[in-house]
Amino acid sequence: MARVRDIPPEELPPDLAAIYRRFAGEYGPFANQVAVIAHVPAALHHLMPMLMELREAKTLPKRYLELAIVTVSLLNACHYCVAHHAPFLEVEGVSREGAERLLDYAAHPELDAVDRLVVEYAIAAWEHSNRIPEALFARLRAQFSEAQIVELTLRITLCGFFNRFNDALRIEEEALATG
């Protein structure tokens, strides 16, 4: 059980309740997370629509987004996020077992060269963001637009935020995420 109570959408003003319901219904099985975020209306108002808008824009292919998210979640041992995003990655062609082994990306049989680059960058951006080698960034530039690199970096760092948030407040995995 989470360390704070879940806020049901019925306790929110109509505009926030609509955001809550849309996010919980469309984004994925994240109802427990949004029920806790609802304690801070500004966070609910800005974070959830931003995530939905980023998904709708499709600036970054979903496979790369999910590779980055699962990688950071594995680094942070955030079981909530791994459980929720591994199924998205499975749809993108990486098995659940493969998702669990992303940190061993160099010889990963389910990853191509661009996938490996994304995982390598996610590790570098999360673990030592102030020491990312120029050569790594040059390889990113060869594969992605600047907008894609910015979104990839944004999603890597947002993922780390959500990892810490979920773990600190002990947000439980929804049944749909665990199978």
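A cavity here is a set of grid points where a 1.4 Å probe fits but cannot get out, and its lining residues have an atom within 4 Å of a point. Helices are DSSP runs of at least four residues, numbered from the N terminus. Keep in mind that this is a predicted model.

How many cavities of 30 Å³ or more does the search of the whole structure find? It finds 1, and the volume of this largest cavity is about 150 Å³.

At least two lining residues come from each of helix 1 (14–27), helix 5 (79–91) and helix 9 (146–168). Helix 9 has the largest share, with 4 residues. By class, the lining has 9 nonpolar, 2 polar and 1 charged residues. Among the residues that line the cavity are Phe-23, Gln-33, His-85, Arg-155 and Phe-162.

On to the packing. The largest nonpolar core has 33 residues, and those touching the most other members are Leu-67, Leu-102, Tyr-121, Phe-144, Leu-152 and Ile-156. Helix 4 (62–75), helix 5, helix 7 (113–127), helix 8 (134–143) and helix 9 each give this core at least two residues. Which helix supplies the largest share? That is helix 7, with 9 residues.

Take Ile-156 as an example. Setting aside neighbours within four places in sequence, Ile-156 contacts Ala-68, Val-72, Tyr-121, Ala-122, Ala-125 and Trp-126.

There is also a second, separate core of 27 residues, including Ala-38, Leu-44, Met-48 and Met-52.

Technical notes: Residues numbered from 1 in each chain as written. Predicted model: local features only at pLDDT ≥ 70, side-chain atom pairs only at ≥ 80, totals over all residues. Heavy atoms only, no water. 1 Å grid on protein atoms, 1.4 Å probe; cavity = no way out; pocket = protein on both sides within 12 Å on 5 of 7 lines; lining within 4 Å. Points joined across faces, edges and corners; volume = space filled by probe spheres on them. Nonpolar A, V, L, I, M, F, W, Y, C, P; charged D, E, K, R; others polar. Core = buried A, V, L, I, M, F, W, Y, C linked by side-chain atoms within 4.5 Å. Buried < 20%, exposed > 50% of the residue type's maximum accessible area, 1.4 Å probe, protein only. Contact = heavy atoms within 4.5 Å.
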